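Please look over the structure below before reading the notes.

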Amino acid sequence: MANIFLSKSDLESLFWNITEKCIGLDPTLQENASKVRLSWPTDGAPGWKITDDIIFVRINDYDDPITKQRDIQSAPIDDNTTILSQEYTRALEISWSLYGPNSWDNSFLLKNNLYLQSIHDQMANSNIYIVPNISAPIRMPELFSAKWWEHTTMNARFYEYVKIDSTSNFITTPVISTTQRTL
Amino acid sequence: MINIAEMMYDPDFSQGYTVHRKTVIWTAGKPIETTVDYDYIGVVVASDFKEIQQVPEADRVSGMMSFYSTGQFFLSRTFDTQGYDSDKKDGTSDQIEWRGNKYKVIQVLPFVDYGYWECIAARIEGE
């Protein structure tokens, strides 16, 4: 019995790694460890400079009709017990918030490189597949500390294969009783 | 200019508290903190009510204190973005421990020309 799904931590690691690769960074180098950041750090985090190209990643579920369909299979393991497997497709939305002088160009790289075969293969190893309908990046610089900071946002959607197992008992000896009700 | 640093050490006003200074090393997009503790002496006064927020799930306590010292207080920083010596390391704001509660520094008032620093710190709930 084994559940197959990615935890929040698994998803963050995967999309952090993929984002680094899509914009041409080597994720193994310490100097690149802060260039893609995960949003909502518990204790906060240091900021960045207007000259720094920094990308923030947010991960969420979204509602998609495909997530409603569930394939439930039963596999007996002995005379009394069976494994019930629920399989379905989870829908994920990844949001990127890109800052820095190259944020617009990085969104272009990100949008195109998500379709690379190497990126596809890496995601497929984790049962993640892109929904090939990426929305256009939106350039929307922000006014902060008397300067306009370059800022671009972009979203993409993905499907994840999920399998959840549980055990259930068979009805081996049905007990039937009758009760007389008096009106 | 009058330097009033001696006020920070006046036993009629001052008391001790601990400043937890946070520096950060980035690992795969996550800030991993390291803490160094400093013993500070200075004046501590209330900056806001200690109060509750009544949310559906529970009562949540918040409050703010002002801390004064001749020692510097640090806000969250990226290598020297504060325009003065910030240890030359990325870090998040100082946390101050006073009377069993922790407070995170959210504002710093650098009255260094008068011999002291002031900060306003928000109570950290849940630790």
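The points below come from a predicted model, and they are grouped by topic.

- Arg90(A) is part of strand S4 of chain A, which covers residues 81-99.
- Arg90(A) counts as buried because its relative accessible area is 18%, and the cut-off for buried is under 20%.
- One polar contact of the Arg90(A) side chain is with the side chain of Asp61(A), at 2.9 Å.
- The Arg90(A) side chain also reaches a backbone atom, the oxygen of Leu6(A), at 3.1 Å.
- Leaving out residues up to four places away in sequence, Arg90(A) touches Leu6(A), Leu11(A), Asp61(A), Thr67(A), Phe158(A), Tyr159(A), Glu160(A) and Val162(A).

**The largest nonpolar core**

- The largest nonpolar core has 27 residues, and those touching the most other members are Phe15(A), Val57(A), Trp96(A), Leu114(A), Met123(A), Ile128(A) and Phe158(A).
- Two or more residues of this core come from each of these elements of chain A: helix H1 (8-22), strand S1 (36-38), strand S2 (54-61), S4, helix H3 (117-124), strand S5 (128-130) and strand S9 (151-169).
- H1(A) contributes the most to this core, namely six residues.

**Another core**

How values were computed
Residues are numbered from 1 along each chain as its sequence is written. Chains are lettered from A and ligands numbered from 1 in the order in which they are written. This is a predicted model: local features need pLDDT of at least 70, side-chain atom pairs count only at pLDDT 80 or more; totals for chains, interfaces and linings use all residues. Side-chain values use heavy atoms; hydrogens and water are left out. Helices (H or I, at least four residues) and strands (E, at least two) are DSSP runs, numbered from the N terminus. Buried means under 20% relative accessible area, exposed over 50%, partly exposed in between (1.4 Å probe, protein chains only). A polar contact is a pair of N or O atoms within 3.5 Å; within protein, one must be able to donate a hydrogen and the other to accept it, and residues adjacent in sequence count only if both atoms are side-chain atoms. Contact means heavy atoms within 4.5 Å. A nonpolar core is a set of buried Ala, Val, Leu, Ile, Met, Phe, Trp, Tyr and Cys residues joined through side-chain atoms within 4.5 Å.
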